[in-house]
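Here is a short report on one protein model. It covers the cores, the ligand shell, the sheet and the backbone exceptions.

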Amino acid sequence: MKRYWRCFVCNDIHYGVKPPEICPTCGVRHAYVEVTSEEARKVGSLTEVEFTEADFRTAIERFTEGNEFRVTNDKERIDMLLAGIFNNERNHGLKYCPCRLACRDFAEDLKIVCPCNFLVHETYKGKEDGECWCGLFIRRKK
Ligand code: SF4
Ligand SMILES: [Zn+2]
């Protein structure tokens, strides 16, 4: 079961089955202590981090680095999908996939926050020219 962990040196928060061996923020080894979700939320809300559409573009580019997929080169498609993703965040609270409908079961809806785990999509899996359901991420040619 996933739990919350806090680095006792730099207050880095981690959510997962176990804490990282080395804190990715301060580099200290074996620095995490388990905390309540309340403590994790409070520590995490200390600094409001502005995150614009441009930041998201940069984030998804970075996310593809070293991965078997890349962001599509179709600029119009990117614009359209990102507009949908940000509309969903404004209207429904999270960056839900622009091609699918949230079902209002939060645990289920988390599966369609962009980027989702599209590696398992029929449109991607095992296909040489596979892509995520909406075509935002495309498998790199070998
Ligand atoms: S299908 Fe593509 S656009 Fe939709 S959430 Fe997944 S990664 Fe994002
Ligand atoms: Zn740390």
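A nonpolar core is a set of buried Ala, Val, Leu, Ile, Met, Phe, Trp, Tyr and Cys residues joined through C-beta atoms within 7 Å. Buried means 20 or more other C-beta atoms within 10 Å of a residue's own; exposed means 12 or fewer, and partly exposed lies in between, with C-beta atoms placed from the backbone.

This is a predicted model: local features need pLDDT of at least 70, side-chain atom pairs count only at pLDDT 80 or more, and totals for chains, interfaces and linings use all residues. Residues are numbered from 1 along each chain as its sequence is written, and chains are lettered from A and ligands numbered from 1 in the order in which they are written.

**Cores and ligand**

The largest nonpolar core has 12 residues: L81, I85, Y96, C97, I112, C114, C116, Y124, C132, C134, L136 and F137. Another core lies apart from it, with 6 residues, including W5, C7, C23 and Y32. In soluble globular proteins, nonpolar side chains tend to be buried together.

Beyond its neighbours within four places in sequence, C97 contacts I112, C114, C116, W133 and C134 (contact: C-beta atoms, placed from the backbone, within 7 Å).

Ligand 1 has 13 residues around it, of which C97, C114, C116, C132 and W133 come nearest (a residue is near if its C-beta atom, placed from the backbone, lies within 6 Å). By class, this shell has 13 nonpolar, no polar and no charged residues. Nonpolar here covers Ala, Val, Leu, Ile, Met, Phe, Trp, Tyr, Cys and Pro; Asp, Glu, Lys and Arg are charged, and the others, Gly among them, polar.

**Sheet**

An open sheet of 3 strands has the order 2-1-3, with antiparallel pairing. Strands are DSSP runs of E, at least two residues; helices are runs of H or I, at least four, and both are numbered from the N terminus. Two strands pair if DSSP finds at least two bridges between them. Strand 2 (13-16) and strand 3 (32-35) are the edge strands. Strand 1 (residues 3-7) joins strand 3 over 4 bridges; R6 has V33 as its bridge partner. Another 4 bridges join strand 1 to strand 2, where R3 stands opposite G16.

**Backbone exceptions**

Most residues other than glycine have a negative phi, and most peptide bonds are trans.

| Residue | Phi | Exposure |
|---|---|---|
| R104 | near 70° | exposed, 8 other C-beta atoms within 10 Å |

A cis peptide bond joins C114 and P115, with omega about -5°.

Definitions and conventions: Contact = placed C-beta atoms within 7 Å.
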